[in-house]
Amino acid sequence: MNPLNHVAIIMDGNGRWGLKYRNSRNAGHKEGLKTVEKIIKASIKYKIKFLTLYAFSTENWKRPKKEINYLFNLLENFLTHRLNDIHNQNIRIKILGDKKFSTKLNNLLNYAEKKTSKNSKLQINLALNYGSKLELLNAFKKINKKKIKINEKNLEKHLQTKYIPDPEILIRTGNTKRLSNFLLWQLAYSEIFFEKKLWPAFTEKDYKNIIKNYKNIKRNFGKI
Ligand code: IPE
Ligand code: IPE
Ligand code: MG
């Protein structure tokens with residue numbers, strides 16, 4: 001059975017779900033948050049140590065302002081109301097991506113990271129204004145500036161995922177098979193599960209099935 005420490009998820013399909021069932025993309029984002037809660041709970045149950053959630057990409061700024069504002073309000077509300085509970089469950093929150101939001105949200109994110117920094121049951125990496133190409137470029141720039149050798153070890157030390165093991169599993173919901181600029185380096189050997197269901201419709205059972213399938217995969221890493 002394959003060990004499992006880290007699951008990464010591209011939570012896609014909120015907009016389509018919202019349009020289909022509530023006639024509003026934003027309603028889909030709200031519903032998607034319920035799935036986030038379910039998957040956090042399930043991750044603890046399955047003793048997963050790292051859960052990385054792609055919540056907003058560097059490319060998502062191209063969306064209408066109204067939708068962007070709605071997403072960040074949702075996040076603000078979530079953190080304001082749920083942070084204590086998250087902390088009490090011994091969950092650590094870490095942000096991947098550039099914190100370039102409103103002062104209020106930046107402060108809230110910094111506070112959440114600081115408050116939960118010693119927690120050890122589950123680490124949630126929230127990818128927000130995250131883009132893998134930007135992350136890699138920034139890493140190369142830092143290495144260049146320090147005049148140190150470009151090798152795997154040094155590169156990984158300068159990624160935002162420093163201290164985080166690579167994900168064994170990547171899940172993308174929403175019936176689309178692409179990476180959308182997510183963890184391009186870190187996913188080099190991950191097992192990828194493309195799920196047809198839209199994120200708000202994704203269930204704990206779907207999650208459990210993926211984990212079960214993963215556990216039995218023969219992972220070669222180039223060997224035979
Ligand atoms: C959620 O799904 C991903 C976010 C950027 C928050 P989408 O909003 O991309 O939903 P679809 O793909 O348009 O259905
Ligand atoms: C990927 O979903 C980003 C997140 C889930 C946050 P998108 O819906 O933005 O991806 P594309 O644009 O369809 O590739
Ligand atoms: Mg999408």
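1. A polar contact here is a pair of N or O atoms within 3.5 Å. The model is predicted. R63 meets that cut-off at ligand 1: a polar atom of its side chain sits 2.7 Å from a ligand oxygen. The protein covers 88% of the 380 Å² of accessible area that ligand 1 has on its own.

2. Two further polar contacts involve ligand 1. R25 places a polar side-chain atom 2.9 Å from an oxygen of the ligand. N14 uses its backbone instead, with a polar atom 3.2 Å from a ligand oxygen. In total, 13 residues surround ligand 1. The closest are D12, G15, R16, R25 and R63.

3. Helix α2 covers residues 25-45.

4. At the start, a side-chain oxygen of S24 comes within 3.3 Å of the backbone nitrogen of N26. After the helix comes K47, with a positive phi near 60°.

5. An α-helix has 3.6 residues a turn, so residues three or four places apart point the same way.

6. N154 belongs to helix α6, residues 152-157. Is N154 buried or exposed? Its relative accessibility is 13%, so N154 counts as buried, the cut-off being under 20%. Leaving out residues up to four places away in sequence, N154 touches I143, I148 and K149.

Methods:
Residues are numbered from 1 along each chain as its sequence is written. Chains are lettered from A and ligands numbered from 1 in the order in which they are written. This is a predicted model: local features need pLDDT of at least 70, side-chain atom pairs count only at pLDDT 80 or more; totals for chains, interfaces and linings use all residues. Side-chain values use heavy atoms; hydrogens and water are left out. Helices (H or I, at least four residues) and strands (E, at least two) are DSSP runs, numbered from the N terminus. Buried means under 20% relative accessible area, exposed over 50%, partly exposed in between (1.4 Å probe, protein chains only). Contact means heavy atoms within 4.5 Å. The expected span of a helix is 1.5 Å times one less than its number of residues. A polar contact is a pair of N or O atoms within 3.5 Å; within protein, one must be able to donate a hydrogen and the other to accept it, and residues adjacent in sequence count only if both atoms are side-chain atoms. A residue is near a molecule or strand if one of its heavy atoms lies within 4 Å of it. Accessible areas come from the Shrake-Rupley method with a 1.4 Å probe; for residues, only the protein chains shown count as cover.
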